[in-house]
Amino acid sequence: MSELDFEASLDELERLVKTLGYRVVSRITQTRGTLAPTAVLGEGKLLELAALTGGSGDAGVEVERVKDKARIRREAIEAGKTVPSEDEDDDEDDDDLNDEPNGQGAPAADTEDLQLIAVDHEISPSQLRNLERATGITVLDRTGVIIEIFHRHAHSREARMQVEIARLRYESPRVRASPRGKERQAGRGSGEAGLELDRRKIRDRIAELKEQLDALQKEYSVRRAQRREARRVALVGYTNAGKSSLMRALTGSDVYVENKLFATLDTTVRALTPEVEPRILISDTVGFIKKLPHDLVASFKSTLDEASEASLLLHVVDASDPSWPAQLAVTREVLTEIGAHEVQSRLLMNKVDCLTDEALLALRSEQPEAWFLSAKRPADVADLRQKIIAFFESSYVHAEVLVPFSEQRLLAEMHATMNVLGTRYEEAGVFVDLRCEAQALERLRETLPEGSVTLLETAS
Ligand SMILES: Nc1nc2c(ncn2[C@@H]2O[C@H](COP(=O)(O)OP(=O)(O)OP(=O)(O)O)[C@@H](O)[C@H]2O)c(=O)[nH]1
Ligand SMILES: [Mg+2]
């Protein structure tokens, strides 16, 4: 990783941690060729970190840890208690935090206040345990932080179940290794048996959740199939690129927009407004991020199906973020992973209002095929709307179709899924002048008596 990527990655981790409501007071970095199986940091760095947190610096010594909100909540959930959503509190915290100067590099605040170490690296359960012991505070790796954010932001039943599965899978190997696991075993006084019980409970819970999720997803796939005829567009892209802002602007819906990572976890589908005939459906999807935990990718199936079944993907990029090329690459990778890379797509360079004229000019020549816009400018959004409509119409054919009276039921469907220009009632049936996708016309040709379809023009 280059120096720049490295810094950008830490900046991103910092934003993730802030999204959880924490203030970042210090960054410690160390370049290591390989990680020891049991230690993330070298001894010197570990002592430096422990001095900040008030820990012993010794992985063999257990220190009474300061419990943070996340851990308290997790423990409560494991104990089978219901925990109320913390979102409202968190929002308030965030507002306060946004006013704070960036604490990076500042001397550590009162060590009593230090609650979390976030590691921008995937670490093993034993590395995590040792780091927690030596520092006396909670440690989360990048995956753990992301899962925690997903947990807080998931609202729909489906999203909550998906996140819980990912979280249980992530935590399961850590039950044995963490001091918390030991405390809990000791509490039960049953050692390994208690541990096995924990593990089995987690496995059972995952199985139960998967079953419920399967049923729910079947329901959604039926709903998606009903929308099959509709022209569908999915907004995809890195978290915070502006997908929901564009969704709002294009559809007049009030989906959640926030300068937070992973503001959206639920897919929303709305018609493009003002409506066109046949209507065009736009969907807003979950954002992607570097090293998005694999379980989360796999589990957000219905969100992602929305992307792979769309006719057009609008790949939204925050052009004002210097890391956009890396973010673009990550999104493409995930799209390939979910089989959506074959769907036609357009690159949307968003937030151009934040760029200087020179920077914009340079970007335009670098990405000649991309569409440049700002979700904040109504004229840009109107232009995007026209481009979306033009995309669908460019593949349209113009035809006249004779629908016999015995097949009249087809008329309503044709109105809903095709661009009907006019109808003429004659003795043989209804003559419909229409524009539609070649495939849809082909289906009509197969359904209707021979000679009912007359092609007037090919694609314009
Ligand atoms: N200046 C500017 N800000 C924008 C633009 N588009 C979006 N934003 C801001 O960027 C932030 C993120 O926007 P969202 O629309 O929530 O981004 P998202 O892609 O849906 O993010 P996730 O749901 O987290 O994946 C918000 O603070 C928006 O107001 C734009 O064109 N210009
Ligand atoms: Mg969003």
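Residues are numbered from 1 along each chain as its sequence is written, and chains are lettered from A and ligands numbered from 1 in the order in which they are written. Local features need pLDDT of at least 70, side-chain atom pairs count only at pLDDT 80 or more, and totals for chains, interfaces and linings use all residues, while side-chain values use heavy atoms, with hydrogens and water left out.

The protein chain has a mean pLDDT (the predictor's confidence in each residue, from 0 to 100) of 80, and 78% of its residues reach 70 or more. Elements here are DSSP runs numbered from the N terminus, with helices (H or I) of at least four residues and strands (E) of at least two. Where pLDDT is low, the predicted coordinates should not be read in detail.

Next come the cores. A nonpolar core is a set of buried Ala, Val, Leu, Ile, Met, Phe, Trp, Tyr and Cys residues joined through side-chain atoms within 4.5 Å; buried means under 20% relative accessible area, exposed over 50% and partly exposed in between, with a 1.4 Å probe and protein chains only. The largest core holds 39 residues, and those touching the most other members are Leu16, Ile146, Phe150, Phe262, Ile289, Leu292 and Leu313. Elements that each supply at least two residues include helix H1 (3-19), helix H7 (157-177) and strand S3 (231-237), but helix H6 gives the most, five. Beyond its neighbours within four places in sequence, Leu292 contacts Ile146, Phe150, Phe262 and Val297. A separate core of 24 residues includes Leu235, Ile282, Leu348 and Leu384.

Helix H5 (residues 125-135) is largely enclosed by the rest of the structure, because eight of its 11 residues are buried. Among these are Gln127, Asn130, Glu132 and Arg133. Gly136 follows H5 and has a positive phi, near 80 degrees.

Turning to strands, Thr268 lies in S4 (residues 268-271) and counts as buried at 16% relative accessibility. Not counting residues up to four places away in sequence, Thr268 touches Met247, Val255, Ile282, Ser283 and Asp284. Strands S10 (residues 419-426) and S11 (residues 429-437) run antiparallel, joined by seven bridges; strands pair if DSSP finds at least two bridges between them. S10 and S11 form a hairpin with two residues between them, and Val420 stands opposite Leu434 in S11.

Methods:
Contact = heavy atoms within 4.5 Å.
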